Amino acid sequence: MISALKKLFGHTTRVSRDQAMSAFNKRYGSFKELLQANADLANLLAGLEAALSGNRRLETEEVRKEARRAIFQCETMVASLGKMSGRQDPALENAVRSIASRIEAELEQREEGEITQFTLPLSEVNASMAFSVGGKNANLGELHNRLKMPVPRGFAITVHAGSYFLLRTSGLFKKLLGLLRSIDPDKPSAINGISRDIEELILNAPITDDLAQALYAEWDSAFGHNAESVVTALRSSAIAEDGVQSFAGQYRSILGVTRQDLLPSFKKVVASLFSPRALTYRAEHGYALDATGMGLCCLEMVHAKAAGVAFSRHPVDLRSNAIVVNGLWGLGETVVDGTGTPDQWLVSRATRKITKTTIAHKTVRLRLVRSSHDTVESLLEPVPDSLADVPCLSDSQARRLADMVMELEDHYQYPQDMEWAIDEDDQIILLQTRPMGMDNAAAEHAVPKLGGLRPLLAGGDVAARGVGCGPVVPVGDCEDVTHFPEGAVMLLAHSSPNAMAAMRRAAAIIAETGSLTGHMASICREFGVPTVMNLPGVTSLLSEGTIVTVDALSGRIFKGEVPELLALRLSRPKSGGNSPALVLLRRVSPYILPLHLVDPRAETFTPGHCTSLHDVMRYVHELSYARMFQISDSVTDNSAGVACHLSCAVPLDLYVIDLGSGLRNPEKREARPEDVLSLPFKCLLDGMLNPSVQAHGPRPVNMRGFLSVMGQSLIGGNQEGCSRFGQHSYAIISDRYLNFSSRVGYHYAILDCWCGDTLSKNYVRFEFAGGAAAGKQRERRVQCIGIILRSLGFSVEITGDRLRARYQKYPKGEMCQRLDQLGRLLIMTRQMDMLMVDDNAVQAFADKFLNGEYH
């Protein structure tokens with residue numbers, strides 16, 4: 001690419017704007033594709049790590065699918081790097097092929113005990129099978145088979161069946177993946193259209209004969225002689241996503257399904273994996289978009305007189321000691337989705353006495369009716385006047401439901417949300433149970449009331465669920481955590497896997513900033529340590545030794561102990577034993593998860609030393625930054641047809657190349673700062689144009705430093721590898737990208753940055769070197785810059801008079817602040833070497849800069 005662009009921009013050939021922009025955009029497009037594949041692969045690795053530790057359950061087909069997805073994303077990264085470079089790397093491609101072949105050899109083997117059936121009768125299902133049939137089926141089987149509680153007739157459609165349909169139907173998943181790859185997590189507005197296209201693909205896809213026959217056979221077995229007339233509800237029974245937020249309510253349920261509707265209804269429910277709501281949620285929270293881990297639950301519909309939900313704890317007021325029973329006439333969907341106002345009974349957890357009854361005025365009810373076309377539909381109809389103000393349950397039924405939901409809490413050792421119905425014979429039928437606050441969509445949005453107690457901070461992102469309490473212990477960057485005290489709350493400025501050594505001893509972790517899909521978040525979930533991230537100001541607010549309660553269910557921090565929250569503490573995850581999926585994962589993980597290439601400077605940092613997909617990912621990611629970092633090398637003085645001159649008070653001859661959405665009018669020959677739309681470039685300019693850094697007169701010059709510079713210039717300048725550069729500076733920009741190169745005199749500065757809403761993609765890379773002064777003064781200048789950048793949170797590496805710095809995976813607001821500071825620093829570094837006459841000047845100048853004293 002570089003050689004091609006040199007030909008394009010060489011002194012002998014003048015090229016059109018279209019030709020030049022095509023060359024730039026090709027590299028930029030490949031870079032964006034590589035970044036997205038890297039983010040997707042990081043999520044996959046985090047999920048597989050969690051499954052390997054037993055913190056996430058997978059079915060064997062899910063292990064196979066995620067391993068193959070990891071190979072695909074790795075191959076995408078390698079191909080994108082090749083397009084950026086303008087050439088392929090045979091050694092790198094061979095490494096990926098070798099690793100992939102080893103993974104495939106393991107995936108093709110089948111494990112004893114692996115569930116490969118498409119369906120299972122509920123009589124063969126229990127809670128330990130959630131990874132094979134989904135949570136809803138697993139819990140219903142547990143209720144019926146172990147607790148002997150009443151549930152409807154029905155059967156489970158396994159996760160294997162859902163995955164088989166999506167992955168084995170010819171060409172279907174490849175087309176889905178192509179559509180999903182076009183989703184930009186930072187621009188979710190196009191998701192609706194993509195979701196419609198995916199739904200159309202799935203609904204039009206044929207179901208293979210073996211799958212169709214299995215579904216019909218299980219239907220006939222479950223419902224017997226009246227199988228043709230039975231009416232069912234077909235609901236999703238998805239494997240819970242590894243992470244913190246609930247996916248409940250995101251997928252589709254279809255009421256009134258008959259035998260003839262079974263296959264099209266199956267496809268509709270599976271298609272809801274890719275509904276706009278589900279895709280938007282996964283995109284916003286960094287989850288993989290191409291999930292296939294869905295089973296389905298087919299249950300005979302109860303001809304319900306009344307239905308509703310029961311909570312073993314109050315879902316909103318945690319100080320309450322009440323069981324809550326809500327119900328309405330007819331089917332319970334209007335209670336579950338919150339569209340109906342239910343009757344409510346509060347029942348004491350201690351005595352089982354009803355402490356309060358609230359009877360609503362009920363105007364409508366949902367019932368099943370058979371249409372003229374012999375299909376069954378749900379109909380919202382008026383409640384008869386004689387029932388509108390009558391309770392839908394007797395007190396004895398309300399108490400019986402309270403007993404049942406408490407029995408479930410005792411069994412599962414966690415508060416439960418139970419759905420129920422009363423049939424025409426006044427018998428209670430249970431429709432499902434699930435942990436409160438995990439899968440309950442209504443509870444997810446309700447902030448629990450704790451009387452007059454207010455949190456110190458709220459609104460944080462939950463990286464690992466749970467509740468913890470203890471004294472605050474701040475941990476600094478690179479600090480030795482060997483002696484971190486047992487039971488303390490770890491306080492970090494930024495998430496860092498370096499804290500792993502002490503995580504198991506922490507009662508909870510608070511990070512002022514961090515990525516929910518990053519390595520540390522994955523480790524926190526693996527160890528089961530309650531973790532809250534992205535709470536601005538928390539490191540300033542909390543002092544060492546302060547006792548706090550960390551609510552990593554709602555993202556809040558309370559001062560002192562809060563017993564009501566501590567009662568909701570979750571147990572640390574246990575090993576998943578030797579399930580077929582875990583055995584398979586253990587076999588393939590050595591070729592996927594370990595990272596051996598940790599030091600880019602090591603001689604072993606080569607494709608030939610890549611033995612896992614993680615190694616390839618690390619190698620390609622590092623090289624991609626270098627490729628983009630060098631993009632400004634492609635620019636020469638002959639690029640006037642591409643570049644737009646920026647007219648402003650910056651003391652640089654600055655030209656801008658817009659790769660897309662970076663300038664208001666990119667084809668104009670001249671622009672002003674107000675024409676800049678690129679977020680990172682705008683922030684950098686704000687710093688450079690800050691009035692406080694603009695010189696208002698001759699800059700003070702140390703005469704000894706000035707004479708040193710003049711002496712070096714007269715004898716040929718810096719002969720140690722830094723030749724004199726051209727006088728132009730360039731900014732190559734898009735809405736979220738910036739590559740800025742300032743090459744003036746004998747020194748240069750290059751800044752490469754991505755700044756957007758996806759925290760895991762954000763980075764700044766900065767390099768500074770050279771100068772006309774003597775070597776010692778140049779070295780002092782980069783030492784001074786290093787002190788400043790370290791104080792701003794950058795990691796810094798200095799070799800001689802060359803400095804390299806990184807700042808990555810921080811929120812957009814933090815990135816913008818650092819870019820502003822870099823803009824100021826770029827202005828202040830001009831002729832700084834003249835001031836670096838002794839070692840004392842290094843710290844003195846850095847202190848003044850950090851205090852805002854620029855002159």
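What share of the contacts in the protein chain with a separation of 6 or more comes from residues 24 or more positions apart? In this predicted model, such residues account for 66% of those contacts.

**Whole chain.** The chain has 855 residues, and 56% of them count as buried. Switch to a surface view next: the accessible surface comes to about 35,300 Å², and carbon and sulfur atoms contribute 50% of that area.

**Aromatic rings.** Now show the side chains of Phe, Tyr and Trp. The count of aromatic pairs comes to 11. Select Tyr-655 and Tyr-730, one of these pairs; their ring centres are 5.9 Å apart with 35° between the planes, a tilted arrangement. Colour the two strands involved: Tyr-655 sits in strand 22 (residues 653–658), and Tyr-730 sits in strand 24 (residues 728–733). The two tyrosines are 75 residues apart, and their pair links distant parts of the chain. Tyr-730 has 6% relative accessibility, so Tyr-730 counts as buried.

**A stacked pair.** Move to Tyr-807 and Tyr-810. Their ring centres lie 4.1 Å apart and their planes meet at 10°, so this pair is stacked; the cut-off for stacking is an angle under 30 degrees. Are these two residues buried or exposed? Tyr-807 is buried at 2% relative accessibility, and Tyr-810 is buried with a relative accessible area of 13%.

**A cluster.** For the last stop, select Phe-31, Tyr-737 and Tyr-763. Ring pairs join these residues into a cluster.

How values were computed
Residues are numbered from 1 along each chain as its sequence is written. This is a predicted model: local features need pLDDT of at least 70, side-chain atom pairs count only at pLDDT 80 or more; totals for chains, interfaces and linings use all residues. Side-chain values use heavy atoms; hydrogens and water are left out. Buried means under 20% relative accessible area, exposed over 50%, partly exposed in between (1.4 Å probe, protein chains only). Contact means heavy atoms within 4.5 Å. Accessible areas come from the Shrake-Rupley method with a 1.4 Å probe; for residues, only the protein chains shown count as cover. Rings of Phe, Tyr and Trp (its six-membered ring) pair if their centres lie within 6.5 Å; planes under 30 degrees apart count as stacked, over 60 as edge-to-face and the rest as tilted. Helices (H or I, at least four residues) and strands (E, at least two) are DSSP runs, numbered from the N terminus.
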